[in-house]
Amino acid sequence: MAFTIRQLQFFVAVAEQGTVSGAAQNLSISQSSVTEAIKELESDLGVELFERHPRGLNITHKGHQFLRHATKILADVADARRAFLGDQLTAGGRLQLGVTSLVAGYVLSDLLARYRRAYPSVEVSAIEDNGDYLEHLLVGGKLDIAVMVTSNLRDRTALQSEILEVSAYRLWLPLSHKLASADIISIGDIASEPLIMLTVDEIEENTGKLLSAIGARPHVAFRTRSVEAVRSLVATGAGVALLPDLVYRPWSLEGDRIESRDISGSLPVVQVGMVWRRGSSLPQAARDFIGLAQSQRMVRQRL
């Protein structure tokens, strides 16, 4: 493979913007440069990263998988450059973070590890709670930043947000399930299936809306706040689950296989991002956190 850092930058930009024109505008380059870079990247990888349609692009499942690698590569490059900034990174301070349950172990953990390596003198404290309470703490000045699901952010007038990751919903099912070998799976196909319902953030609300759209009531077999419990229950055949791809892992704690399949039709996405109080004078430690998260999401101008 011969892909370049620049191609990765362009790919991440298109994945985030959903259009070549939006990515080109964000990067201040021509659309043809972005289009050519994506074509070359797909050729190098031997997979389609996007599905083309008249109003833009939809990232494919392979594209989602590669997006994780691309953002990690770009973040590692940024870390390498940051390692030579010397005294700029020695300042101390304090950072007060909030995080919702869904993203604590899937987005914040890696980001926080990078931050601690880059700014070892900063004292970091973090609290995990639901989105409504974190918004309350942000508005009240009790938190500097929250890393949370922003799709359902309620107080958008008082809070500012920036997306870090967009994740589509997919179907989780056991390896032996009849739908595991189906070429196409629709929402209607799972309307009568027992559901394992994750009850954190907006998951239960979105799942209910999906099934209500076809006139079906969710047949909930089990409700839980634990993603690991969902994995175990799905793997052992207790039901299926509709969950964002960012929390998917192919194995349960017991070592049983979990399959993940696309659902045809229009499904919602989960947006995970940083949130802080609009107009607030953030401490340097918080500004550094935002800057590092931005570089991990997409390293553009500084490379």
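Predicted model: local features only at pLDDT ≥ 70, side-chain atom pairs only at ≥ 80, totals over all residues.
Strand E9 spans residues 241-244 and is covered on both faces. Ala241 and Leu243 lie on one side, Leu242 and Pro244 lie on the other, and all of these residues are buried. E9 pairs with strand E6 (residues 159-174) in the antiparallel sense, and four bridges connect the two strands. Within this pairing, tyrosine 169 has proline 244 of E9 as its bridge partner.

The structure contains 10 salt bridges. Side chains of opposite charge can pair when their charged atoms come close. One of the salt bridges joins aspartate 245 to arginine 68, with 3.9 Å between the closest N and O atoms. This pair links distant parts of the chain, 177 residues apart: aspartate 245 is in the loop between E9 and strand E10 (258-261), and arginine 68 is in helix H4 (residues 61-82). Aspartate 245 has a relative accessible area of 3% and is therefore buried, given that the term applies under 20%. Arginine 68, at 34% relative accessibility, is partly exposed.

A further salt bridge is formed by the side chains of glutamate 204 and arginine 223, at an N to O distance of 2.6 Å. Because glutamate 204 belongs to helix H7 (residues 203-212) and arginine 223 to strand E8 (residues 220-224), the pair ties together parts that are 19 residues apart in sequence. Glutamate 204 is partly exposed, with 27% relative accessibility. Helix H7 also contains leucine 210, which is buried at 10% relative accessibility. Between leucine 210 and isoleucine 187 the C-alpha to C-alpha distance is 7.5 Å, and the two are 23 residues apart in sequence.

Arginine 257 and glutamate 259 also form a salt bridge, with the closest N and O atoms 3.0 Å apart. In this pair, arginine 257 is partly exposed at 31% relative accessibility, whereas glutamate 259 is buried at 11%.

The largest pocket has a volume of about 1,400 Å³. It is lined by 47 residues, of which His64, Leu67, Val166, Ser167 and Ala168 are the closest to its centre. Among the elements that give two or more residues to this lining are helix H1 (5-17), H4, helix H5 (101-118), E6 and helix H9 (284-297). E6 provides the largest share, nine residues. By class, the lining of the largest pocket consists of 21 nonpolar, 13 polar and 13 charged residues.

Six aromatic pairs are present in the structure. In the pair of phenylalanine 11 and phenylalanine 66, the ring centres are 5.4 Å apart and the planes are at 50°, so the pair is tilted. Phenylalanine 11 lies in helix H1 and phenylalanine 66 in helix H4, so this pair ties together parts that are 55 residues apart in sequence. Phenylalanine 11 and phenylalanine 66 are both buried. The rings of tyrosine 115 and tyrosine 119 are likewise tilted, because their planes are at 35°, and their centres are 5.0 Å apart. Tyrosine 115 is buried, with a relative accessible area of 0%, and tyrosine 119 is buried, with a value of 9%. One aromatic cluster is formed by Phe3, Phe11, Phe50 and Phe66.

Notes: Residues numbered from 1 in each chain as written. Heavy atoms only, no water. Buried < 20%, exposed > 50% of the residue type's maximum accessible area, 1.4 Å probe, protein only. Pairing = 2+ DSSP bridges. Salt bridge = Lys/Arg side-chain N within 4 Å of Asp/Glu carboxyl O. 1 Å grid on protein atoms, 1.4 Å probe; cavity = no way out; pocket = protein on both sides within 12 Å on 5 of 7 lines; lining within 4 Å. Points joined across faces, edges and corners; volume = space filled by probe spheres on them. Nonpolar A, V, L, I, M, F, W, Y, C, P; charged D, E, K, R; others polar. Phe/Tyr/Trp six-rings, centres within 6.5 Å; stacked < 30°, edge-to-face > 60°.
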